[in-house]
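Subject: The structure for you to look at

Hello,

Here is the structure I promised to pass on. Please have it open while you read, as my notes come after it.

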Amino acid sequence: MENKHLPNYLEYQGKYKGLMGWLTTTDHKRIGLLYFYSMFSFFLVGATLGILMRLELIAPGKQLMEAQTYNALFTLHGLTMIFLFVIPGVAAVFGNFFLPIMLGAKDVAFPKLNLLSWYLYILGALIVLSSQFMGDGPPDTGWTFYAPYSLKTQTNVVAAVFGAFVLGFSSILTGLNFITTMHRLRAPGMGWKRMPIFAWTLYATGWIQILATPIVGITLLMIAAERLLGIGFFDPAIGGDPILYQHLFWTYSHPAVYIMILPAMGVISEIIPTFSRKPIFGYTALIISSMAIAFVGYFVWGHHMFTSGMSDSSRWIFSFLSFIVAIPSAVKVFNWTATLYKGSIRLQTPFWWAMGFIFVFMIGGFSGLVIGSLATDIHVHDTYFVVAHFHYIVFGGTGFAFFAAMHYWWPKIYGRMYNTKIANVGLAIFFSGFNILYFPMFILGLRGMPRRYYDYLPQFTDGNVISTIGSWIMITGLLILIVNLAKAKKMTGKAVDDPWDGSTLEWKIQSPPTLENFEEIPVITGGPYEYKDR
Amino acid sequence: MSKEPNHISGYKDHLMILGVLILLTIITVAITQVELTALNTAAALFIAALKATLVLLYFMHLKFDQKVFLIMTVLVLILIAAVIGITVIDYIDRY
Amino acid sequence: MNTKTGNMENVIQTHPAHPDIHRDDTASKLGMWLFIFSELLLFGGLFIVYSVYRYMNHVAFDLAHRELSVTVGLINTIILLISSATVAMSITAIQKNDKKASLIFLSATILLAVIFLINKYFEWGSKFEHGMYPGSDLMGMLSNGDMLFFSLYFFMTGLHAVHILIGLGLLSASLIKIRKNKIRSDKYSLLENSGLYWHLVDLIWIFLFPLFYLIH
């Protein structure tokens with residue numbers, strides 16, 4: 001590397017030093033890390049809340065807290081995890097950091113807007129969190145703010161709702177920025193069909209962010225208006241329809257699941273070819289499936305409402321469409337496994353994470369079919385089965401991909417390599433803990449334990465004890481992973497520049513990258529997954 | 001970045017479109033003053049869609065810009081129509 | 001810059017000689033369009049609510065809409081249409097390097113926007129005078145359908161007025177920049193995008209007008 005003399009983006013001195021240098025940066029890599037630090041802190045807060053909830057549920061009856069505290073806790077757990085961690089998630093951190101590099105660009109299309117998105121994110125987060133301490137007590141509606149309860153409860157719903165609105169704005173601006181970047185800043189020679197799959201998934205995600213987020217934005221504003229101004233939209237007492245609220249809420253919040261999972265799938269689609277030393281199987285199919293998930297995913301929201309009194313024809317339409325959306329998801333899993341076939345697989349840490357992802361994502365996906373079909377959903381709706389399902393998808397999917405991305409790109413981001421043995425051990429513990437924590441919930445749900453409750457009947461005790469123990473194991477694994485990554489050793493040369501023999505553009509530059517990534521804009525002459533050693 | 005050829009619309013074009021838009025507005029008002037029940041809702045919305053199309057194509061320049069903007073806009077409008085349609089299906093069935 | 005051989009290796013250095021490499025007008029326009037799509041969906045959510053409640057309470061909506069003055073609505077519609085045309089003509093003028101004409105057309109747009117808001121103020125004001133405003137006692141006594149109609153009326157026209165204000169801000173910024181020659185015949189991205197935003201405001205009103213003032 002002849003450009004070693006250039007300071008990398010971590011050392012680079014702009015107009016301001018130290019912390020101010022970070023807070024005023026327009027460098028996409030630094031913004032990616034700003035997101036990373038803030039999001040990961042929120043994740044730890046959310047995880048702590050989860051652990052406390054599990055501890056409360058270790059036995060029937062009151063253990064640690066009052067019922068109202070529990071309600072506030074699970075609302076905050078949902079709000080932090082959904083709005084502050086998984087929705088910005090992989091896209092805001094790794095998308096920001098790697099999208100421009102993968103395209104051969106120096107930055108995103110609108111760097112200042114990018115920084116503004118982060119500030120809006122922080123502002124939204126602060127508003128959401130302040131709702132816990134201000135007004136008439138923390139919101140107890142759950143993260144869904146269902147009307148009419150959210151209109152009637154005395155707690156501080158307006159602040160939480162407004163915070164979510166600001167977060168949505170941040171999300172829209174990020175999506176807008178990424179789409180424009182992909183349209184305008186691809187390096188010469190990088191046609192649409194030479195973009196890495198991760199970029200493609202961000203493209204699909206960007207469209208959902210732009211087109212779905214405003215719907216929840218306006219809905220939340222209506223909730224705020226109804227509470228503050230006393231006008232009527234959803235209150236049945238004045239002719240409003242609470243089911244309409246659910247329609248509007250899920251018109252965003254179901255696509256939001258794809259905002260979370262698509263970039264996660266993109267990460268997996270990067271890792272698997274690198275460690276199989278093979279071009280990804282079915283590149284075009286993967287692109288089409290991403291776009292199909294984004295598109296069909298927009299029309300399946302009603303499957304959250306099968307038991308809420310929606311009409312019969314809507315129910316089967318939404319059930320049918322939900323099954324359709326399983327097809328592109330399955331196409332992806334088949335393509336990943338087909339990429340493994342006859343590859344020369346390297347069993348390294350990121351690869352194990354990708355395998356873990358596929359395993360838990362499959363369980364999450366199949367259980368999704370159970371609740372996507374009308375007849376079975378009637379039985380398991382609002383039980384722990386659903387809780388297990390969405391933790392397998394949201395945490396198992398996005399969370400695993402997030403950690404996979406951390407282990408895959410850590411050397412590139414920091415120029416430091418972690419201890420792979422400890423990482424593998426940590427993963428094994430984390431993975432076991434994850435399954436011990438969430439799998440019993442499937443069984444509890446099938447046996448009829450309702451979700452969201454503070455208390456349960458004694459016959460559900462066994463499953464809950466196992467689940468709580470699982471949460472301790474998982475948190476142990478998590479701590480090992482974090483400490484291991486934090487203690488990664490500084491290295492130079494190939495050990496961090498290109499430890500996995502990757503083929504996408506980020507592995508062709510030094511680690512950590514320089515301020516402008518590329519000294520000269522590269523010209524692309526081939527596809528993203530062409531390995532020399534094949 | 002290559003420079004795209006710029007199409008400049010003349011003042012007269014804009015004035016002509018404006019004339020048509022105002023004419024359509026007056027027609028809508030006229031139609032809806034007559035009692036035609038369901039038909040006048042349909043007519044008013046049809047004319048509104050027509051006006052919107054004119055604004056999009058000429059004032060917002062979609063007709064002359066790169067095609068990608070036009071394609072995106074059409075897809076977004078279809079999406080909005082589809083979402084409204086699917087939601088309304090539920091209500092037609094229930095009420 | 002890189003020592004590896006591979007298909008994505010740098011072959012030649014490309015950097016189009018451009019006075020300002022960070023400027024990309026097409027990117028700005030694309031960004032504005034994407035934002036407009038977002039805005040369309042924002043109002044789209046309200047149109048869903050409107051359609052559903054109109055379907056459920058069509059008799060009440062029918063009667064309630066007669067409370068609104070078609071004349072005021074019509075005047076405002078025509079004002080917005082003209083302002084849309086003038087902003088488009090302002091762009092034409094700047095493209096033809098006619099700074100003076102551009103300033104005149106843009107000032108006309110801003111003036112029309114202000115007149116629209118004044119009209120709106122009096123329209124809302126007369127409702128308020130009759131005790132009809134969000135949270136009022138009168139509104140609390142309305143029947144379900146009327147309540148929904150007027151809630152939607154205040155919320156949707158109110159949100160539209162907020163967009164007019166944002167549009168006014170963008171147009172005024174453009175006006176100042178034209179005066180300072182920051183917007184020129186070879187660099188008018190801001191004016192063009194403010195224009196796009198202004199047309200969006202017009203576009204929304206094109207639907208709000210028949211939905212609230214006309215159809216029955």
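This is a predicted model: local features need pLDDT of at least 70, side-chain atom pairs count only at pLDDT 80 or more; totals for chains, interfaces and linings use all residues.

**Chain B**

Chain B has three helices and zero strands, and its elements follow one another as α-α-α from the N terminus. Its radius of gyration is 18 Å, while the globule rule gives 12 Å for 95 residues, so chain B is more spread out than a compact globule. You can see this in the C-alpha trace too, which spans about 55 × 30 × 10 Å along its principal axes. Of the 95 residues in chain B, 27% count as buried.

With 28 residues at 1.5 Å a residue, α3(B) should span 40 Å, and its end C-alpha atoms are 41 Å apart, which agrees. Which residues of α3(B) are buried? They are V76(B), L79(B), V83(B), I86(B), T87(B), D90(B) and Y91(B). As for their partners, the buried residues of α3(B) pack against α8 (197-229), α9 and α11 (312-340) of chain A, together with α1 of chain C.

**Where the chains touch**

Chain B meets chain A through ten of its own residues, which are in contact with eleven residues of chain A. On the chain B side, those residues divide into six nonpolar, one polar and three charged.

Between chain C and chain A, the contact takes 40 residues from chain C and 47 residues from chain A. The elements of chain C that give two or more residues to this side are α1 (25-56) and α6 (144-179). The largest share, 16 residues, comes from α1(C). By type, the residues on the chain C side divide into 20 nonpolar, 18 polar and two charged.

**The nonpolar core**

The largest nonpolar core has 259 residues, and those touching the most other members are A199(A), V267(A), I268(A), A401(A), A404(A) and A405(A). Which helix gives the largest share of this core? That is helix α9 of chain A (residues 242-276), with 21 residues. Chain B takes part as well: domain 1 (10-62) and domain 2 (65-95) of chain B both give residues to this core, so it lies between them.

Leaving aside neighbours within four places in sequence, A199(A) is in contact with L99(A), M102(A), L103(A) and M182(A).

**Single residues to look up**

Two peptide bonds in chain A are worth a look. The bond from A147(A) to P148(A) is cis, with omega near 0°, and P148(A) is found in the loop between α5 (111-130) and α6 (149-152) of chain A. A cis peptide bond also joins S511(A) and P512(A), with omega about -15°. P512(A) is found in the segment after α17 (494-497) of chain A.

The segment after α17 of chain A also holds N517(A). Phi of N517(A) is near 65°, a positive value in a residue other than glycine. N181(C) also has a positive phi, about 60°, although it is not a glycine. You will find N181(C) in the loop between α6 and α7 (189-214) of chain C.

Are these residues buried or exposed? N517(A) has 23 other C-beta atoms within 10 Å, so it is buried. N181(C) has 9 C-beta neighbours inside 10 Å, so it counts as exposed.

With 14 C-beta neighbours inside 10 Å, A428(A) counts as partly exposed. A428(A) and W352(A) are 76 residues apart along the chain, yet their C-alpha atoms are separated by 9.2 Å.

Happy to go through any of this with you.

Best wishes

Terms used:
Residues are numbered from 1 along each chain as its sequence is written. Chains are lettered from A and ligands numbered from 1 in the order in which they are written. Helices (H or I, at least four residues) and strands (E, at least two) are DSSP runs, numbered from the N terminus. The radius of gyration is taken over C-alpha atoms; the globule rule is 2.2 Å times the number of residues to the power 0.38. A residue is buried if 20 or more other C-beta atoms lie within 10 Å of its own, exposed if 12 or fewer, and partly exposed in between; C-beta atoms are placed from the backbone. Two residues are in contact if their C-beta atoms, placed from the backbone, lie within 7 Å. Ala, Val, Leu, Ile, Met, Phe, Trp, Tyr, Cys and Pro count as nonpolar, Asp, Glu, Lys and Arg as charged, and the others, Gly among them, as polar. A nonpolar core is a set of buried Ala, Val, Leu, Ile, Met, Phe, Trp, Tyr and Cys residues joined through C-beta atoms within 7 Å. Domain bounds come from an automatic or database domain assignment. The expected span of a helix is 1.5 Å times one less than its number of residues.
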